Amino acid sequence: MELRHLRYFVETARELHFARAAEKLNVTQPALSRQILALEKELGVELFSRSNKWKIELTQAGKLFFSEAQKILKESHRAINLARSAGDGGCGRLAIGAISSTIESQAFSLAMKEMRRRFPQLVLEVVEANSGGLPDRVRQRELDIAFLRSIPALPADPSLNCEHLWNDKLVIAVPADHPLATEDPLPAKRLAEESFILVPVRTSSLLRQYVEEFFSKHGRFSPHIDLEIYNTYTALSMVASGLGISVVSESYTGFFPGKVVYRHLTDCAPELPLFVITPSENCSRSADIFLEILKQQRKEQEI
């Protein structure tokens with residue numbers, strides 16, 4: 001039994017007239033009659049009563065089969081639409097991994113909203129992790145796409161596609177009642193005696209190395225790192241409590257209003273690269289679309 005047999009039967013059952021049904025199906029009446037007879041032979045029952053030459057009626061078996069055939073056709077159409085939608089990235093699941101600064105960025109939030117608008121059937125999952133933990137999760141297909149800072153072996157990994165997206169600007173987070181809060185921008189050397197709150201090396205070695213090298217070059221000092229906090233949001237809460245200052249992505253500007261201020265530096269604008277990785281094989285179309293939207297949102301913000 002083929003789906004076309006069901007379509008022929010359902011249309012005939014609706015019209016209860018072979019000629020009208022054949023016209024709607026764009027087939028000849030003899031061809032339609034043969035298909036219905038073949039279906040009845042396969043099922044072993046009569047679906048139509050043909051006692052009247054001009055009008056046919058459904059038998060009891062035909063009425064039952066009519067109801068089920070409509071359901072099957074409806075589900076087949078749904079399956080076709082889902083398959084087409086999946087091919088366009090419109091359904092299923094999209095698992096996105098990212099460092100916290102990316103998740104907190106406006107471009108990321110707007111890209112998520114646009115994905116929800118375009119593809120309401122698509123399930124979006126966002127996983128926050130540090131840069132070191134994301135590549136393995138992409139390799140194991142736990143994640144379809146991930147945004148992270150670079151790690152040494154990343155560009156040469158044949159199992160991953162890696163692309164440099166842009167550089168994120170960094171700012172200095174200072175308690176609102178701190179003497180430095182009134183200066184904007186700040187010279188790097190003014191931070192030489194401050195207590196820094198940063199993520200541990202094991203969490204973000206790139207950030208730690210960059211911060212230390214930056215202040216060594218532009219401020220002629222090595223930062224006093226008195227607190228190591230795994231999560232940037234928690235680090236900012238510590239800044240808000242007056243326990244020190246921190247270096248964070250510009251995307252965090254505005255967190256803890258009235259308690260934390262964010263200052264740029266006069267010497268040079270510190271920034272870190274952001275990379276995107278996807279599996280080198282069987283990439284998700286949804287991931288491709290999300291990346292396209294994210295790039296567009298970022299571009300619009302820079303205008």
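Asn-26 sits in the loop between α2 and α3. The model is a predicted one.

**Asn-26**

- Asn-26 comes after α2 and has a positive phi, near 60°.
- Asn-26 is not a glycine, yet its phi is positive.
- Most residues other than glycine have a negative phi.
- With a relative accessibility of 70%, Asn-26 counts as exposed, because the cut-off for that class is over 50%.

**Packing of α2 against α3**

- Helix α2 covers residues 18-25 and helix α3 covers residues 29-43; their axes lie 9 Å apart, at an angle of about 100°.
- Angles of 65 to 115 degrees count as roughly perpendicular, and α2 and α3 are therefore roughly perpendicular to each other.
- On the α2 side, the contact is made by Phe-18, Ala-19, Ala-21, Ala-22 and Leu-25.
- On the α3 side, Gln-29, Leu-32, Ser-33 and Ile-36 make the contact.
- Sorted by class, this contact of α2 with α3 has 7 nonpolar residues, 2 polar residues and no charged residues.

**The two sides of α2**

- Phe-18, Ala-21 and Ala-22 are the buried residues of α2.
- Viewed down the helix axis, the buried residues of α2 fall within an arc of 100°, so they line one face of the helix.
- These buried residues pack against α1 (3-15) and α3.
- Glu-23 and Lys-24 are exposed, on the other side of α2.
- Phe-18, one of the buried residues of α2, also belongs to a cluster linked by ring pairs, together with Phe-9, Phe-48, Phe-65 and Phe-66.

**Aromatic pairs**

- The structure contains 14 aromatic pairs.
- One of them joins Phe-108 and Phe-290, with 5.6 Å from centre to centre and 75° between the planes, an edge-to-face arrangement.
- This pair links distant parts of the chain, 182 residues apart: Phe-108 lies in helix α6 (residues 106-118) and Phe-290 in helix α10 (residues 285-302).
- Phe-108 has a relative accessible area of 3% and is therefore buried.
- Phe-290 is likewise buried, because its relative accessible area is 0%.
- Tyr-233 and Phe-256 form a tilted pair, because their ring centres are 5.1 Å apart and their planes stand at 40°.
- This second pair also links distant parts of the chain, with Tyr-233 in helix α9 (residues 232-240) and Phe-256 in the loop between β9 (246-249) and β10 (260-263), 23 residues apart.
- Tyr-233 is partly exposed, at a relative accessible area of 44%.

**Other backbone sites**

- Arg-141 has a phi near 65°, a positive value in a residue other than glycine.
- The loop between α7 (134-139) and β5 (145-148) holds Arg-141.
- Arg-141 has a relative accessible area of 41% and so counts as partly exposed.
- The peptide bond running from Asp-184 to Pro-185 is cis, with omega near 5°.
- Most peptide bonds are trans.
- Pro-185 is placed in the loop between β6 (160-175) and β7 (195-198).

Technical notes
Residues are numbered from 1 along each chain as its sequence is written. This is a predicted model: local features need pLDDT of at least 70, side-chain atom pairs count only at pLDDT 80 or more; totals for chains, interfaces and linings use all residues. Side-chain values use heavy atoms; hydrogens and water are left out. Axes are lines fitted to C-alpha atoms, for helices over the stretch in contact, and angles run from 0 to 180 degrees between N-to-C directions. Helices (H or I, at least four residues) and strands (E, at least two) are DSSP runs, numbered from the N terminus. Angles under 35 degrees count as roughly parallel, over 145 as roughly antiparallel, 65 to 115 as roughly perpendicular and the rest as oblique. Contact means heavy atoms within 4.5 Å. Ala, Val, Leu, Ile, Met, Phe, Trp, Tyr, Cys and Pro count as nonpolar, Asp, Glu, Lys and Arg as charged, and the others, Gly among them, as polar. Rings of Phe, Tyr and Trp (its six-membered ring) pair if their centres lie within 6.5 Å; planes under 30 degrees apart count as stacked, over 60 as edge-to-face and the rest as tilted. Buried means under 20% relative accessible area, exposed over 50%, partly exposed in between (1.4 Å probe, protein chains only). The arc is that of the directions from the helix axis to the C-beta atoms.
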